[in-house]
Amino acid sequence: MNKWFWIGGALVGGLFFYLTRGILLPFLAGLAIAYFLDPLADRFEARKVSRGLAAGIIISTFFLLILAVLIAFWPVLQAQIVAASHALPEALTTLKPKFNNLMHALSQRFGLNVPEDVEGLVSTFSDEILVKVREAATGAIKGGLAIFNVLSLVLISPVVAFYLLRDWDLIIAKIDSWLPEKTGPVVREQAQKVDTVLAGFVRGQMLVSTAMGVLYGVGWAIVGLDFAIVLGVLAGVLSFVPFVGALFAAGVAVAMAIGQWGFDLLHIAMVAGVFFVVQTIEGGFLTPRLIGGRVGLHPVWVLFAVFAGGEIMGFVGVLIAVPAAAAIAVIVRFYIDHYLDHYDLQPKAAAVSNTDGTSTSNDD
């Protein structure tokens with residue numbers, strides 16, 4: 001009975017989040033902020049500061065810092081976003097003839113059946129992209145985004161973050177009190193592992209994304225690419241989406257380079273080189289140092305999680321795909337280990353031979 005109760009509760013909870021996915025973003029943002037800042041609140045508490053006062057100080061300082069950064073950089077960002085919204089369509093337009101020639105060359109070389117109006121198809125497709133890009137870019141400046149979504153992120157997220165940060169320990173203690181005495185220790189152990197995974201990803205990924213945004217912006221500015229700051233911010237934000245986000249940002253940067261310099265291979269190679277250098281730094285230094293192997297997911301599963309999250313819950317699903325998959329992976333590993341132990345299928349450690357002829361097991 002207890003097992004089916006928890007299974008039913010999980011299904012009902014999943015259905016609830018699916019049905020309310022359209023309004024989840026500010027609440028998830030507040031939850032992520034509270035989770036990120038909880039260790040800092042614990043330090044305030046250790047210095048005899050009340051939890052409510054600590055939460056108020058931390059949340060206020062956090063959002064004031066974000067507001068100060070936006071105010072400081074907004075004039076530059078605004079100018080570059082407006083200019084980029086006009087430059088990117090021009091850059092994509094220059095690709096139309098090249099793409100058209102390429103399609104005809106492939107048709108003649110491999111006998112492909114390319115429609116005669118391929119130019120029209122390319123124009124139609126690219127024009128649709130340009131409309132979406134321009135609407136997204138200019139909408140952020142002219143208030144074209146949904147007012148509810150903007151107000152919810154600006155007003156609701158700080159409130160949610162404050163209350164969750166203030167009551168975080170009480171919420172955890174309440175949930176802990178619901179655990180049965182028999183299975184409580186096992187659940188707590190797995191919850192601790194999930195917390196380690198999520199902490200490693202959320203806090204580490206924020207630092208990684210910030211560093212990558214700065215490196216992209218500085219690198220593209222050094223090679224002379226226009227709108228380097230905006231592209232750097234875009235690349236940093238999109239790096240929260242593994243693989244896909246970085247490739248999309250690089251594609252936009254290359255398109256902007258073509259619009260700025262035409263098909264100058266040297267400049268295009270420099271822009272692409274910045275991408276590969278930053279990716280090398282991220283893969284070889286930033287992620288291993290700041291995140292490490294805490295997530296523990298194979299790259300194929302990461303890609304699957306991103307696309308599955310986007311299919312199920314849209315933009316919100318893409319954002320939470322990797323941490324959710326990592327948390328699920330902890331639970332799956334627990335049940336796999338339990339299954340292997342139950343049927344005595346765990347691999348045995350090989351015996352190590354000593355110099356005196358005796359053997360020692362690695363299980364010790």
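**View 1. Helices H7 (184–222) and H9 (244–261) are among the elements that cover the buried residues of helix H10.** Contact here means heavy atoms within 4.5 Å. Helices (H or I, at least four residues) are DSSP runs, numbered from the N terminus. This is a predicted model, in which local features need pLDDT of at least 70 and side-chain atom pairs count only at pLDDT 80 or more, while totals for chains, interfaces and linings use all residues. Residues are numbered from 1 along each chain as its sequence is written, and side-chain values use heavy atoms, with hydrogens and water left out. The buried residues of H10 are Ile 268, Val 271, Val 274, Phe 275, Val 278, Glu 282, Leu 286 and Thr 287. Buried means under 20% relative accessible area, exposed over 50%, and partly exposed in between (1.4 Å probe, protein chains only).

**View 2. Helix H10 bends by about 45° at Glu 282.** The bend is the angle between axes fitted to the seven residues ending at a residue and the seven starting there. H10 comprises 26 residues (265–290), and its end C-alpha atoms are 35 Å apart, in agreement with the 38 Å it should span at 1.5 Å a residue. That expected span is 1.5 Å times one less than the number of residues.

**View 3. Asp 264 caps the N-terminal end of H10.** A side-chain oxygen of Asp 264 lies 3.0 Å from the backbone nitrogen of Leu 266.

**View 4. Arg 51 meets Asp 38 in a salt bridge (2.6 Å, N to O).** A salt bridge is a side-chain nitrogen of Lys or Arg within 4 Å of a carboxyl oxygen of Asp or Glu. Asp 38 belongs to helix H2 (residues 24–46) and Arg 51 to helix H3 (residues 51–110), so the pair, 13 residues apart, links distant parts of the chain. Both Asp 38 and Arg 51 are buried.

**View 5. Arg 51 also forms a salt bridge with Asp 169 (3.4 Å, N to O).** Asp 169 lies in helix H6 (residues 168–177) and Arg 51 in H3, so this pair ties together parts 118 residues apart in sequence. The relative accessible area is 10% for Arg 51 and 33% for Asp 169, which is partly exposed.

View 6. Elsewhere, salt bridges that share partners join Asp 38, Asp 42, Glu 45, Arg 51 and Asp 169 into one network. The structure holds seven salt bridges.

Methods
Helices (H or I, at least four residues) and strands (E, at least two) are DSSP runs, numbered from the N terminus. A polar contact is a pair of N or O atoms within 3.5 Å; within protein, one must be able to donate a hydrogen and the other to accept it, and residues adjacent in sequence count only if both atoms are side-chain atoms.
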